[in-house]
Amino acid sequence: MARFGAFSRLLGLDRPPHRHDNWWQEHRRRLLPSYREDSFVSAIPAETVTEIALRIRHLIEKCVPLELPVNQITSPSSKIITKKVLKAAKEAGGKHHRSCVVYCLLVNKRWWKHQAQVELWDADLHALRAVACEVIAKQIIETEEDINFLLHQVLLKRYSIMIDNKPTKPSNVVEKAVDLHALRVIGSSGYQKCISYLWRGWLVQDENDPATFVEYRDKDNISFWSHLDPDRMRAPMYQNWTQMLISFIYLVLYTLAMNSVNPGGHIDVIEGLLYAFTLGFMCDEFAKIWKAGFAIIDFWSAFNSILYGLLTTSLVFRFIAFSHDGSDGDWRHHYNTLSYNFLAVSAPMFWLRLLLYLDSFRFFGAMLVVLKVMMKESIIFFALLLVIVVGFLQAFLGLDQADDQVVEDAMFIVQSMANALMQSPDFSGFERFNHPFGLLLYYCFTFVVMVILLNILIALYNSAYEDIYDNANDEYLAMFAQKTMQFVRAPDENVFIPPFNLIEIFLLALPLEWWMNKTTYEKVNDWCMATIYSPLLLVSAFIEVKTAQEIRANRARGDGDDDSVEEWEQRMGDLDFEADGWASRVEGARSKLVKMREEEAEDEESGGIRGEVADAEVEIGKLREEVRELKGLLGELMGMMQKEREGKGKEAEAEDGKGKGAVGVESQATQVVGGGDGAGSSSSSSSSSGEGERD
């Protein structure tokens, strides 16, 4: 049953149907696979993201208020971009919106770069603030411990900002860093882990929601049949390998076509396949522009367009030659020869085209980065050259016309100027060309081109090479990230790599898609993909089984899925340098300078914490002083209250004493009054008793 399930997965029978709720999206899918970027919605409201970006802008303005050396910003032990700055940047989004902080930092980088171009008087300061934004973003990425939050929320979630009261197209940090060429962000460990997962196909876009990336569910499945899935061809790694293989086949077809010239003008099977491949590549270039816009056009797009144009011209002349019958053999031979001439001059471009797919290897990638930067720097040279050539050409043509009122030596003039550009001037022809003006003018032209402009070009190339050599690794990582995003940015619902896209266009989309049920149409596409890519799927399934075994071994050790055990790590866990005394010997062998540098680095790393502790101690000291003052005030208040109570007590005692004195007087008076009455009564009684005695 497992094998039948794998076979169903291979043919796409177990895949849930896509959802197409919008009728406009239905009509857009008529000819080519749809690109549903228009349906992307910002994970956080654009107003909120804009507010966070403005908070970060205010933070950068206050933290970098004046021009400083760049190394004070980029240094790991920077005194400007401190732990407090990183903490403040993280807190700009709060607890619920902290995932968009890195995106807002990249938005601020774009703002500062634009302001540096507008306000040239403060260009260095604005450029420095742009660097500060990039440094903070890199440190936030590298200090994030939750890898799932970093990948899915920080790097791959899409956000928008408000411009002219309208939200921009949602984009994520991975795309934004590539567009802004943010080398520090691209070179961070978390960003490269994300690119590695996207390249391997471990993070894939959800079929029903392309704005969301999900984990590949069978990443750790060691079953061979579970990996026989045509959707695995969406992985950029497998697409690149397939394109590389097809490019070699394309080159072989070209070589066979050039080595088997057909004098009769007819097109054989080899040439038919060559032109069919060319048509498929041209349709693919058109599809990329149609889905992702003109922003996707780069050097290789222009290069391929020239190559395909030469091949198309060769095919057109072949048709013209074939249209002439045998009786008109001279014209047929002429156009047939002209067709092969156009085909022959495209040979260098065929071989150079291989570099487009070999740039995933570091050697070729670094070389292409150097060539790319040098070509950009040479734009200044060619701009100056164009102005000078046009000026001198007009002067030479004017001298020729002034001689006999007719421009007769135009080809001679152009050829002589071209020889001067190629470091092979010919002065003999100008000795009789309006002497001495023609010769003097040609001397001036040769001096300007061979001495001045050539040295300018050498200086530009030297400067470009030095700049790119210092950042060769970061430039290569940026180019690799851009290559990965080319596959992810314009995703196809059904991956038909050229020239197989001709099958999709002419055998599936045009005859079937407009009337067939969506579920049935998707199954037909899966059947075609399974048939076309079956040899490649067998190879990819074998590779993914080996990868799944490595993932399980890493998880058993507690390592990451993409970790690899190096030679020096195989027995490192079996040794105990502390027990055998080797650690103490090594510690004693270390120089004092190294120890001092490590202590300084530790002090700088813990400087933020120590600063926070020192600030806390200062605050605690202030609080203690305030508590002491408060205690003193309370003591004084209690003393005053105690004195007041004592005073009131004395007054109460005094009043009590006065009351007692009055009572004593009254009692004495009463006693006095009572004593008089007794005397009277005693006297009366004594008198009465005396009277009785007398009686």
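1. Start with lysine 219 and aspartate 561. In this predicted model, these two side chains form a salt bridge, and their closest N and O atoms are 3.0 Å apart. Lysine 219 sits in the loop between strand E4 (213–215) and helix H12 (236–258), while aspartate 561 sits in the loop between helix H24 (534–557) and helix H25 (582–589), so the pair ties together parts that are 342 residues apart in sequence.

2. Glu215, Lys219, Asp220, Arg555 and Asp561 are linked in a network of salt bridges. The idea behind such contacts is simple: side chains of opposite charge can pair when their charged atoms come close. Across the whole structure there are 16 salt bridges.

3. For a contrast, look at glutamate 51 and arginine 55. They form a salt bridge whose closest N and O atoms are 2.9 Å apart. Both residues lie in helix H3 (residues 46–63), 4 residues apart, or about one turn of the helix. Glutamate 51 is partly exposed, with a relative accessible area of 42%, and arginine 55 is partly exposed at 43%.

4. Arginine 234 and aspartate 231 meet through their side chains at 3.8 Å, N to O.

5. Next, helix H21. This helix covers residues 472–489, which is 18 residues. From its first C-alpha to its last it reaches 25 Å, close to the 26 Å expected at 1.5 Å a residue. Its buried residues include Tyr476, Met479, Phe480, Met485, Phe487 and Val488.

6. Ile380, Leu384, Phe447, Val451, Ile452 and Ile456 make a nonpolar surface patch of about 470 Å². Helix H18 (362–404) and helix H20 (437–470) are the elements that give two or more residues to this patch. Which of them gives the largest share? H20 does, with 4 residues. Phenylalanine 447 is found in H20 and is partly exposed, with a relative accessible area of 47%.

7. Isoleucine 468 and methionine 374 are 94 residues apart in sequence, and their C-alpha atoms are 9.2 Å apart in space.

8. The UniProt record (an unreviewed entry) annotates residues 241–257, 299–320, 379–399 and 440–461 as "transmembrane region". How does the model fold two of these spans? Residues 299–320 are 100% helix and 0% strand, with end C-alpha atoms 32 Å apart. Residues 440–461 are also 100% helix and 0% strand, and the end C-alpha atoms lie 31 Å apart.

9. Proline 498 and proline 499 are joined by a cis peptide bond, with omega about 5°. Proline 499 is in the loop between H21 and helix H22 (501–513).

10. Aspartate 164 has a positive phi of about 55° although it is not a glycine. The phi of asparagine 165 is positive too, near 60°. Aspartate 164 is exposed at 70% relative accessible area, and asparagine 165 is exposed at 73%.

11. Finally, the cysteines. How many disulfides does the structure hold? The count is 0. Cysteine 133 is buried, with 1% relative accessibility, while cysteine 528 is partly exposed at 22%.

Terms used
Residues are numbered from 1 along each chain as its sequence is written. This is a predicted model: local features need pLDDT of at least 70, side-chain atom pairs count only at pLDDT 80 or more; totals for chains, interfaces and linings use all residues. Side-chain values use heavy atoms; hydrogens and water are left out. The expected span of a helix is 1.5 Å times one less than its number of residues. Buried means under 20% relative accessible area, exposed over 50%, partly exposed in between (1.4 Å probe, protein chains only). A salt bridge is a side-chain nitrogen of Lys or Arg within 4 Å of a carboxyl oxygen of Asp or Glu. Patches are made of residues with over 30% relative accessible area and no salt bridge: like charges are joined within 9 Å, nonpolar side chains (Val, Leu, Ile, Met, Phe, Trp, Tyr) within 5 Å. Accessible areas come from the Shrake-Rupley method with a 1.4 Å probe; for residues, only the protein chains shown count as cover. A disulfide is a pair of cysteine sulfur atoms within 2.5 Å. UniProt positions are given in the numbering used here, feature names are shortened, and annotations may be inferred rather than shown by experiment.
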